[in-house]
Amino acid sequence: EDGIRDVAVTGVQTCALPILGPGSFTGVRIGLTTARTLGQIQGIPLVPVSSLEVQELALRRASGGWDGPVVVGAEACMGEVYCRFSESAGGVASEAVTRIVALPELMSNFSAPFPRRAILPDSWKSHPQLLGLFSGEGWQVVPASSLVGLPDALMGLIAREWRLGKALPALDVHPVYLRVSDAELHLRTRENALRNPAGGG
């Protein structure tokens, strides 16, 4: 889960953060703070990886190297879902948080052909919109809790990112949360009110 793991890649000891996010606010914040502190003290870089990409890689490996389109979704509460859209293995991928009710429109821009695979939270069938969108013909849904090979996928992803030169100084790594915290939303509201007072003054 959220935390730290050391990995030796090409003879270089690097501190890697398995769960950069998206994830729970508390878990990601604690894991990232620990990783940044260790990295800064020891003078070693961090290799940030997406928790959703780890799941995608685990699915592709467990599916015999599936190279087709994959959608990974994580429930973000408050009627929102954080999704990763990947057209193919190693291809262009995008991650976005959106309202669940807006997913059909967002998915209409997903040009990857059927069949498609999706990794969804175990509760996906309790959401009418998710059920209607992913239970149709052409979709194979894998509950997130049933994924296997996550540790191997994680280490493989870290090794790949390291080889691609994507390690960063410890303090340049920032968390990705499933949704913006209520405190930050309130702060933004106050800041907007100060910048744009009533009456346009």
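Which strand holds R84? R84 sits in strand β5, residues 80-86 (strands are DSSP runs of E with at least two residues, helices are runs of H or I with at least four, and both are numbered from the N terminus). The model is predicted, so local features need pLDDT of at least 70 and side-chain atom pairs count only at pLDDT 80 or more, while totals for chains, interfaces and linings use all residues. Residues are numbered from 1 along each chain as its sequence is written, and side-chain values use heavy atoms, with hydrogens and water left out.

**View 1. R84 and its polar partners.** R84 is buried, with a relative accessible area of 9% (buried means under 20%, exposed over 50%, and partly exposed in between, with a 1.4 Å probe and protein chains only). The R84 side chain makes polar contacts with the side chains of E56, at 2.7 Å, and E95, at 3.1 Å. A polar contact is a pair of N or O atoms within 3.5 Å; within protein, one must be able to donate a hydrogen and the other to accept it, and residues adjacent in sequence count only if both atoms are side-chain atoms.

**View 2. The largest nonpolar core.** This core has 15 residues, and V71, F85, L103, M107 and F134 have the most contacts inside it. A nonpolar core is a set of buried Ala, Val, Leu, Ile, Met, Phe, Trp, Tyr and Cys residues joined through side-chain atoms within 4.5 Å. Two or more residues each come from β5, α3 (103-107), β7 (116-120) and α4 (128-134). Strand β5 gives the most, with three residues. In soluble globular proteins, nonpolar side chains tend to be buried together.

**View 3. An aromatic cluster.** Ring pairs link F114, F134 and W139 into a cluster. Rings of Phe, Tyr and Trp (its six-membered ring) pair if their centres lie within 6.5 Å; planes under 30 degrees apart count as stacked, over 60 as edge-to-face and the rest as tilted. The centres of F114 and W139 are 6.1 Å apart and their planes stand at 85°, so this pair is edge-to-face. F114 lies in the loop between α3 and β7 and W139 in strand β8 (residues 139-143), so the pair ties together parts 25 residues apart in sequence. F134 and W139 are also edge-to-face, because their planes are at 75°, with centres 4.8 Å apart. F134 is buried at 1% relative accessible area, whereas F114 is partly exposed at 48%.
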